[in-house]
Amino acid sequence: MSKLTVENVSFIYSAGTPFEVKALDGVSVNIEANRITGIIGHTGSGKSTLVQMFNGLIRPTEGRILLDGEDIWADAKKISAVRYRVGLVMQYPEYQLFEETVEADIAYGPKNMGLDEAEITQRVIESAKFVGLEEQDLKKSPFDLSGGQKRRAAIAGIMAMRPEVLVLDEPSAGLDPAGKKSIFEGIRKYAEATGAAVIIVSHSMDDMAKYCEDIIVMSHSRVAMTGKRNEIFSRGDELEAIGLGVPQMTYLMRLLAQRGINLPQDIFTVDDAEAAIIELFGGAK
Amino acid sequence: MKSIAFGQYYPSNSIMHRLDPRMKIIMGILYIVTCFLCKNVITFGILALSALLLIIISKIPIKIVLRSIKAIIFIMIFTAILNIFWTKGEDYELLLSWRFINIYSSGLYNAAFIVIRIVSMIIGTGIFLTYTTTPIQLTDGLEQLLSPLKVLKVPVHEFAMMMTIALRFIPTIIEETEKIMAAQKARGADFSNGSLVKRAKALIPVLIPLFISSFRRAGELATAMTCRCYRGGKGRTRLNVLRFSFKDFVALFLVIAFGTGIVLLNIYAPGYTM
Ligand SMILES: Nc1ncnc2c1ncn2[C@@H]1O[C@H](COP(=O)(O)OP(=O)(O)O)[C@@H](O)[C@H]1O
Ligand SMILES: [Mg+2]
């Protein structure tokens, strides 16, 4: 059984007004525990709408969301319990910080869960460690942090609830490469430590290639493709047809092959490319 | 698109939507004055018909209009009842008399007249102004209508700019509020259950980020405007210059003719007069 199942879900914004938008149209996907799943698609394809369904922030117009096989909307009063089990980091989460110290802000979620002081303190320290926030940063005001640090504090705020499913909507948008890297490493650490199902929304093919095992491709409110990373990126033509393209290294390998340099075509990251090229020259590192 | 979704504006391609906002403001005022000129059964009847006609011309669904009338239904019922019981019309037929309550036919007439007047006023302002004109068009129109006041050193442009910016950012701030509320809900915030104090407290995590981002936005906007050499209204030209066209004058003529007709009918038509 999948951890999270989306069953034929549709959603319409502003239904019944002249401003109707069909944001999701008959979407079905399965999300597994112990894996990192990427959701990719261009702006407006419905990614954010879909992930807000996962923790019950919006209710499907049609279809069901199953968590461990149970409909999360079976009892609407218990939806807040679902929100602790499915942690959602929204787009630009740094705008939700409000407490006097970073520590207190990370503790907001666990406090709402009704955990005791000792447990909360421990979780705050643990999740700060995941995202790489220093001990002294915890005592600062969140508004004195840099952009990247704010983002990490906000992500730690969700991790502190220790959700079984961790969903991140464009966690790396607008960050420099170093900031991106530390956030993705933090997410990976959380996934390894807890065995949670992790879902990352992005439109960077390179980030997806590097960190995700499964990929869901969205296009025009529908699911265009789902599969293992290698399967998806080997269908480069289809990806290009919906305007997405392949990771830069995959593209490079293709260009080299066209010039008669024979390299494997299932290369997605810089590290893989490096290894393949070294092997081509018959050398060891 | 969202910026015009705010307020009561209802998009459609009716002739009313295409009239010049300045003319619509003037016509709206004239129409309200006309509502107060009606005096007898015939003129009030015509007024009610004219309100219906306005709705049809502007292609606004009746459902939407009824919604705004519903908002003041209690005030309307209250005024109607006051009129029924308190109108003293010794010259008129006494319909019902019970202890100290006397209901005259004049009271019923007055109640009906008042209701028609209020409903027509609401429909009139709605059709001429809010339903068919975007808030931005309205401020633009108002700024130009009031521009003669600049001679008296009234900062008309500055007020209009403040209004425009406020209107422009209301939907943005609503959207932002929704986002922040969703983000805090994802962390277990509960805005709909618990005591009043508890619910008010639950808003702190929404209000603080909202204030911070509003100040940031205001600062950024001021910088952006300065970078594009904004320095107040003096010598400023506009992108969309409002121009009266033939249909605007025809519309104005019709409204004036309607008002004049009502005044004449008040004099010549028989029956109960308010
Ligand atoms: N709050 C909202 N109200 C109305 N329409 C919305 C809202 N949020 C998103 N949409 C619309 O729904 C569609 C899908 O949006 P979204 O899920 O945000 O896509 P993505 O995250 O892939 O960019 C878009 O057309 C967008 O304009
Ligand atoms: Mg999005």
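## The nonpolar cores

Of the 47 residues in the largest nonpolar core, A:Ile200 and A:Leu239 touch the most other members. A nonpolar core is a set of buried Ala, Val, Leu, Ile, Met, Phe, Trp, Tyr and Cys residues joined through side-chain atoms within 4.5 Å. Buried means under 20% relative accessible area, with exposed over 50% and partly exposed in between (1.4 Å probe, protein chains only). A second, separate core has 34 residues, among them A:Phe11, A:Ile31, A:Ile39 and A:Ile72. In soluble globular proteins, nonpolar side chains tend to be buried together.

Leaving aside neighbours within four places in sequence, A:Ile200 is in contact (heavy atoms within 4.5 Å) with residues including A:Ile36, A:Ile39, A:Leu168, A:Phe184 and A:Cys212.

## Basis of the model

This is a predicted model, in which local features need pLDDT of at least 70 and side-chain atom pairs count only at pLDDT 80 or more, while totals for chains, interfaces and linings use all residues. Residues are numbered from 1 along each chain as its sequence is written, chains are lettered from A and ligands numbered from 1 in the order in which they are written, and side-chain values use heavy atoms, with hydrogens and water left out.

## Helix H1 of chain A

Helix H1 of chain A covers residues 47-54, and seven of its eight residues are buried, so the helix is largely enclosed by the rest of the structure. Helices (H or I, at least four residues) and strands (E, at least two) are DSSP runs, numbered from the N terminus. The buried residues of H1(A) include A:Lys47, A:Leu50 and A:Phe54. Just after H1(A), A:Gly56 has a positive phi of about 75°.

## A:Tyr84

A:Tyr84 lies in helix H2 (residues 79-85) of chain A. It counts as buried because its relative accessibility is 16%. Not counting residues up to four places away in sequence, A:Tyr84 touches A:Gly109, A:Asn112, A:Met113, A:Met161 and A:Pro163, as well as B:Arg187 and B:Gly188 of the other chain.

## Between the chains

In the contact between the chains, 19 residues of chain B meet 20 residues of chain A. The buried area is about 1800 Å², of which carbon and sulfur atoms give 68%; this is the accessible area (1.4 Å probe) that two parts lose on being put together, summed over both.

There is one salt bridge between chain B and chain A, a term for a side-chain nitrogen of Lys or Arg within 4 Å of a carboxyl oxygen of Asp or Glu. The side chains of A:Asp105 and B:Arg187 meet in a salt bridge at 3.0 Å, N to O. On the side of chain B that touches chain A, helix H9 (156-186) and helix H11 (204-227) each give two or more residues. H9(B) supplies the largest share, seven residues.
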